[in-house]
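User: Hi! I'm new to this one, could you walk me through it?
Analyst: Happy to, let's take a look together.

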Amino acid sequence: MNHDESRDLYDRALSVMPGGVNSAVRAAVEPYPFFVERGDGGYVIDADGNRYIDWVMGLGPLLYGHDLPQPVGSAVQSRVSEGPMFGAPTEIEVEHAEFVARHVPSVEMIRFVNSGTEATVSACRLARAATGRDKIVVMQGGYHGAQETTLVEGEYEHVEPSSPGIPDSFVEHTIAVPFNDADAAKRVFADHGDDVAGVLVEPILANVGIVAPVEGYHETLEDLCDEHGSLLVFDEVITGFRVGGLQCAQGEFGIDPDVTTFGKLIGGGFPVGAIGGSAELIEQFTPSGDVFQAGTFSGHPVTMAAGLESLKYAAEHDVHEHVHDLGERLRSGLADIVADQAPEYTVAGTDGMFKVLFSRGAPETVEDRCEAGCRQRESCSRYGHCPKNAADVKAGRTRVAVRHLRPHRRGRRRDAGSVQESTVALIMAVEKGYFSVPRETELGEIADVVGRKTRLILPSFCTVRRFPGWPTPDSSSTTRGVKQPDTLIRSIVTFYRYFADRSDEIRK
Ligand SMILES: Cc1ncc(COP(=O)(O)O)c(C=O)c1O
């Protein structure tokens, strides 16, 4: 594979942009990121003409891959042709707000902004203003964007800014607790109940893990907030319109947060964020209230058109069901593989998200396990072993796969182990016939794309089925874990060659 153009572009970028990129994670691909020229369905094509399977989907905002459904594409084009933006309200903002309020149970009113970060910043400001308190409780390992209140590390009250440039005095007001630990949450409220403005939580810990909530955890947070007059803020920037369909994760879990933050999918691939909740709360933003909130680009008509039409298309074409089914099939295939060959791995995820985690301990039996992605069920035979919070995920990470598959990465500080583990499991799934990737590619290509982010997202059109005439995997190539990577690589390349010869037939 030739990467000359990407390497040259990266060299140029390094002299004019910090780290050569406009968002840190884009530099995660080593030794340098590939520069994308264009998308094509489920693929991206880089500046050297290399074609990659895209498991990343723009880091979350894309439900349809790179070819927008016709109504979405047309709505975007027609908005652009009417002029880029006006700094005045447009009908499409009202329509999109009405759509969200109709589908998301806790949302009566919404303020659109331009990023997930802007949404969580405004949500914290609103929680503080509405309660007259300062403290915000966050989950260790959670991510809420590049903002001062939540960029912390440490535990409980002993948190520090996780970036230079954030004054210690800012994070004095932030308390970090482990996800899924009801006792820790109760302790915060016992110690600080009268000072807690809000609890900010991703319904599923999706930036580390993926970790699902244990039964009753969100209910405990909801009760504690109700009891103490604090606001429960669900950060649905990732889960919104991806988990639980149009009702979002809160609908799926039956929780009514006071405030919800959105981003990614709500803008259909264009820059977006939003803060939703009851009219009583959201009306506290300016100009109806006095909590200052404003933005030149907020409710941008092109974003509104893309977001609204994407979600309408999803509602009318059972897109979420389709993505969910693909995800279930992939996760259960992966779960079978790890149960059989590497029971110390846990398959996590739901709907269109998946990940394979190393949990360092293998259960004696894997019967009654969560078959299509870890759900943190107490009755599951591996409940005691599966990661339930960020510390468990971190402790479970291993560099085994990195050492075997990417020797040049040995000794690097960045812990990419779990990314590589996901990749290996994915490859094993393809080998076993659980999942198809109908193009010739090399292991390195998959690893590169997957390696851009530990969170993996399924595009809606991925094909999960077994094709007639698919060659039976050679039993000698089915290795345990990553112990024989060369055999795995050879075997996967053989499979892809087979697919490449039949790509038209397979694409149908
Ligand atoms: C849960 C969550 N909240 C907030 C953000 C910040 O969103 P943005 O990158 O659009 O600012 C992210 C970004 O990935 C996120 O995952």
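**Helices, sheet and core**

Analyst: The axes of helix α6 (residues 182-192) and helix α7 (residues 217-228) come within 10 Å and cross at roughly 10°. Axes here are lines fitted to C-alpha atoms, for helices over the stretch in contact, with angles from 0 to 180 degrees between N-to-C directions. That makes α6 roughly parallel to α7, a label for angles under 35 degrees. This is a predicted model: local features need pLDDT of at least 70, side-chain atom pairs count only at pLDDT 80 or more, and totals for chains, interfaces and linings use all residues. Residues are numbered from 1 along each chain as its sequence is written.

User: Which residues of α6 and α7 make the contact?
Analyst: A182, A185, K186 and F189 of α6 meet Y217, T220, L221, L224 and H228 of α7. Contact means C-beta atoms, placed from the backbone, within 7 Å. Helices (H or I, at least four residues) and strands (E, at least two) are DSSP runs, numbered from the N terminus.

User: Is β9 mostly covered or exposed?
Analyst: Mostly covered: 6 of its 6 residues are buried, meaning 20 or more other C-beta atoms lie within 10 Å of a residue's own.

User: Switching topic, how many residues are in the largest nonpolar core?
Analyst: It has 109 residues, and L205 and V233 are among those with the most contacts inside it. Such a core is a set of buried Ala, Val, Leu, Ile, Met, Phe, Trp, Tyr and Cys residues joined through C-beta atoms within 7 Å. Helix α11 (residues 319-341) gives the largest share, 9 residues.

User: What does L205 touch?
Analyst: Not counting residues up to four places away in sequence, L205 touches M139, G141, G142, F179, I210, V211 and A390.

Terms used
Buried ≥ 20, exposed ≤ 12 C-beta atoms within 10 Å, placed from the backbone. Contact = placed C-beta atoms within 7 Å. Parallel < 35°, antiparallel > 145°, perpendicular 65-115°, else oblique.
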